[in-house]
Amino acid sequence: MPCLAAGQEGKAVCVLATGDPLNFGIGKRLVERFGIDATEIVPTAGAFATFTAVLVVVTLTGFSISQLVAACSRTVERAIAVYMLVFVYALLLGGFIIERSQLPHDARWLVYTSFYYWGFGALVMNEFEGQPQVLRSLGFADGPGIWASVAILGGFFVALRVLAFVALWTTRH
């Protein structure tokens with residue numbers, strides 16, 4: 001910090017910080033040292049914010065699946081049993097238990113039906129951005145990208161909510 005202040009009085013100094021500099025980095029220290037009026041922060045979606053967004057969408061999608069299963073089931077016991085099967089299916093094809101490359105060639109498309117696959121892919125791409133060897137080893141080097149994966153998860157979420165609504169509507173009318 002002293003090197004930033006030394007001889008820089010009245011001059012504009014630019015500090016580039018990645019991640020979430022106000023939570024875990026230099027941004028907080030700069031504001032404490034120079035004051036909020038002398039500091040301009042230009043935020044972007046940092047890694048932590050992206051991580052949080054992905055987790056929220058994955059959670060909402062999982063919740064939407066449980067709502068659809070509950071809407072289609074006549075008893076609580078049946079809903080729990082069916083949801084557990086759907087949950088295990090999604091977990092197995094999510095990419096972190098069975099990699100896509102380990103599946104038979106004709107069955108590899110099944111991973112795209114798992115909402116965990118899209119969430120795991122987005123988290124991996126977020127965490128290992130700029131490290132193609134790691135992404136390649138996990139099978140996400142040629143992935144659609146973080147925000148495309150989040151958009152696909154959003155599509156799952158909306159479709160599942162609509163299906164749950166239709167299931168409730170048809171069983172009640």
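**Reading helix α6**

Helix α6 has 13 residues and spans 18 Å from its first C-alpha to its last, close to the 18 Å expected at 1.5 Å a residue. Keep in mind that this is a predicted model.

Student: How many residues of α6 are buried?

Tutor: Buried means under 20% relative accessible area. In α6, 11 of the 13 residues are buried, so the helix is largely enclosed by the rest of the structure. Among them are Phe115, Tyr116, Trp118, Gly119 and Met125.

Student: And which elements do the buried residues of α6 pack against?

Tutor: They pack against α4 (47-72), α5 (76-92), α7 (132-137) and α8 (146-172).

Student: Where does Asn126 lie, and is Asn126 buried or exposed?

Tutor: Asn126 lies in α6, which covers residues 115-127. Its relative accessible area is 10%, so Asn126 is buried. Leaving aside neighbours within four places in sequence, Asn126 is in contact with Ala47, Thr50, Phe51 and Ile146.

Student: What about the largest nonpolar core: which residues have the most contacts inside it?

Tutor: Here is the general idea: in soluble globular proteins, nonpolar side chains tend to be buried together. In this model, the largest nonpolar core has 28 residues, and those with the most contacts inside it are Val58, Phe115, Phe140 and Leu153. Two or more residues come from each of α4, α5, α6 and α8. The element that gives the most to this core is α6, with 8 residues.

Student: Which residues does Leu153 touch?

Tutor: Not counting residues up to four places away in sequence, Leu153 touches Val57, Val58, Thr61, Phe115, Trp118 and Gly119.

Terms used:
Residues are numbered from 1 along each chain as its sequence is written. This is a predicted model: local features need pLDDT of at least 70, side-chain atom pairs count only at pLDDT 80 or more; totals for chains, interfaces and linings use all residues. Side-chain values use heavy atoms; hydrogens and water are left out. Helices (H or I, at least four residues) and strands (E, at least two) are DSSP runs, numbered from the N terminus. Buried means under 20% relative accessible area, exposed over 50%, partly exposed in between (1.4 Å probe, protein chains only). Contact means heavy atoms within 4.5 Å. The expected span of a helix is 1.5 Å times one less than its number of residues. A nonpolar core is a set of buried Ala, Val, Leu, Ile, Met, Phe, Trp, Tyr and Cys residues joined through side-chain atoms within 4.5 Å.
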